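Me: Could you help me see how the labels for this protein are decided? I would like to check each one against its cut-off.

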Amino acid sequence: MHGYAIDHLGIATPDLETGSAPYRALGLSPEGPDEEVPGQGVVVRAFRTGDSLIELLAPTRPDSPVAAFLERRGPGLHHLAFRVPDVRAEAERLRAEGARLLNDEPQPGRAGSRVVFLHPKWGAGTLIELVQH
Ligand code: CO
């Protein structure tokens with residue numbers, strides 16, 4: 001057991017084209033069409049890099065958490081996501097150890113995944129996501 005793999009890095013951007021420029025320059029291409037995730041108020045463009053994705057997140061509405069993040073912090077790294085076999089079980093395990101979950105029930109993520117977010121205070125300053133495909 002070498003620990004969970006990084007599934008993706010979430011990058012906040014005001015618009016997908018601007019946000020895409022560095023990754024295109026690095027030779028990455030979007031994987032599939034842009035996908036809206038209504039529950040999170042974002043549209044996502046995913047670039048594959050090895051076994052992980054760079055996911056650009058642009059807000060689709062003013063009350064989107066990503067809109068608030070952009071307002072507060074500006075564009076850039078928003079969260080990192082670990083791929084877990086059972087998101088509910090892992091979230092429960094961490095909660096029992098004192099982790100603060102931002103959503104108690106797994107919610108829909110990109111590409112049919114189910115995700116739970118952990119509070120950035122628990123994550124030592126980083127918003128951490130658990131994702132199950
Ligand atoms: Co994510």
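Me: Why does Glu 129 count as buried?

Reply: Buried means under 20% relative accessible area, with exposed over 50% and partly exposed in between (1.4 Å probe, protein chains only). Glu 129 has 4% relative accessibility, so Glu 129 counts as buried. Keep in mind that this is a predicted model, where local features need pLDDT of at least 70, side-chain atom pairs count only at pLDDT 80 or more, and totals for chains, interfaces and linings use all residues. Residues are numbered from 1 along each chain as its sequence is written, and side-chain values use heavy atoms, leaving out hydrogens and water.

Me: What makes His 8, His 79 and Glu 129 donors of the cobalt ion?

Reply: Donors are N, O and S atoms within 2.8 Å of the metal (3.2 Å for Na, K and Ca); water is not among the atoms, so sites may look incomplete. Here NE2 of His 8, NE2 of His 79 and OE of Glu 129 coordinate the cobalt ion at 1.9 to 2.1 Å. His 8 lies in strand 1 (residues 6–12) and Glu 129 in strand 8 (residues 127–132), so the pair ties together parts that are 121 residues apart in sequence. Strands (E, at least two residues) and helices (H or I, at least four) are DSSP runs, numbered from the N terminus.

Me: Why is the chain called as compact as a globular protein of its length?

Reply: First, the chain has three helices and eight strands. Its radius of gyration is 14 Å, close to the 14 Å that the globule rule gives for 133 residues, so the chain is as compact as a globular protein of that length. That radius is taken over C-alpha atoms, and the rule is 2.2 Å times the number of residues to the power 0.38.

Me: How do you know that Arg 110 has no salt bridge?

Reply: A salt bridge is a side-chain nitrogen of Lys or Arg within 4 Å of a carboxyl oxygen of Asp or Glu. For buried Arg 110, the nearest side chain of opposite charge is Glu 55, 4.1 Å away, and there is no salt bridge.

Me: What makes a polar contact between the side chains of Ser 20 and Arg 45?

Reply: A polar contact is a pair of N or O atoms within 3.5 Å; within protein, one must be able to donate a hydrogen and the other to accept it, and residues adjacent in sequence count only if both atoms are side-chain atoms. The two side chains are 2.9 Å apart in their polar contact. Ser 20 lies in helix 1 (residues 16–25) and is buried, with a relative accessible area of 0%.

Key:
Lys, Arg positive; Asp, Glu negative; His and termini not counted.
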